[in-house]
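Subject: Structure handover

Hello,

Here is the structure for you to look over. My notes follow below it.

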Amino acid sequence: MEHRLELAAKALAIERVASGGLAAIAPGRAIRAIATPKSDTETARYVARLLGIRQVVLGVMLWQSREDRAWLRRMATLNALTEALDAAATLVALVQRRGGARPSAAVVGAALSASAAFVALRAAAT
């Protein structure tokens, strides 16, 4: 079980660093992956870079915690809360916008599934 737990933590950490690195380095591609082409503005690119950096930091922290169960539980909780709050913010944006460019509902699904993965990691680390 210990080996599987470490592998899961590594995989989730690598995903965080890879997706965050992509958003920080190529924010235009990240924006086009989750929004309409009209959403690609300088402000959106700045926010994508910030979110990319956040992803990288969370991934590195998760990677560093993989051998300490107590720290891993904390990092899994932090990651799960981050994803759940992202999903909630996206849902609010979906509800508030009646017309025009709206965030993709797929983003909510991705955030919720990522949050569930981190909750499962936290449960396994106990």
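Of the 126 residues in the protein, 29% are buried (under 20% relative accessible area; exposed is over 50%, partly exposed in between; 1.4 Å probe, protein chains only). Keep in mind that this is a predicted model: local features need pLDDT of at least 70, side-chain atom pairs count only at pLDDT 80 or more, and totals for chains, interfaces and linings use all residues. Residues are numbered from 1 along each chain as its sequence is written, and side-chain values use heavy atoms, with hydrogens and water left out.

Overall fold. The protein has five helices and zero strands, and its elements run α-α-α-α-α from the N terminus. Helices (H or I, at least four residues) and strands (E, at least two) are DSSP runs, numbered from the N terminus. The radius of gyration is 15 Å, close to the 14 Å from the globule rule for 126 residues, so the protein is as compact as a globular protein of that length. That radius is taken over C-alpha atoms, and the rule is 2.2 Å times the number of residues to the power 0.38. The C-alpha trace spans about 50 × 30 × 15 Å along its principal axes.

Contacts. Take contacts between residues at least 6 apart in sequence: 69% of them join residues at least 24 apart. Contact means heavy atoms within 4.5 Å.

Surface. The accessible surface comes to about 7600 Å², and 65% of it belongs to carbon and sulfur atoms (Shrake-Rupley method, 1.4 Å probe; for residues, only the protein chains shown count as cover).

Core. The largest nonpolar core has 12 residues, among them Leu 5, Leu 62, Met 75, Ala 80 and Phe 118. Helix 1 (2-25), helix 4 (69-96) and helix 5 (105-124) each supply at least two residues of this core. Such a core is a set of buried Ala, Val, Leu, Ile, Met, Phe, Trp, Tyr and Cys residues joined through side-chain atoms within 4.5 Å.

Two residues to look at. Ala 80 is in helix 4. At 8% relative accessibility, Ala 80 counts as buried. Leaving aside neighbours within four places in sequence, Ala 80 touches Ser 115, Phe 118 and Val 119. Val 108 lies in helix 5. Val 108 is buried too, with a relative accessible area of 8%. With neighbours within four places in sequence again left aside, Val 108 contacts Ala 87, Thr 90, Leu 91 and Leu 94.

Best wishes
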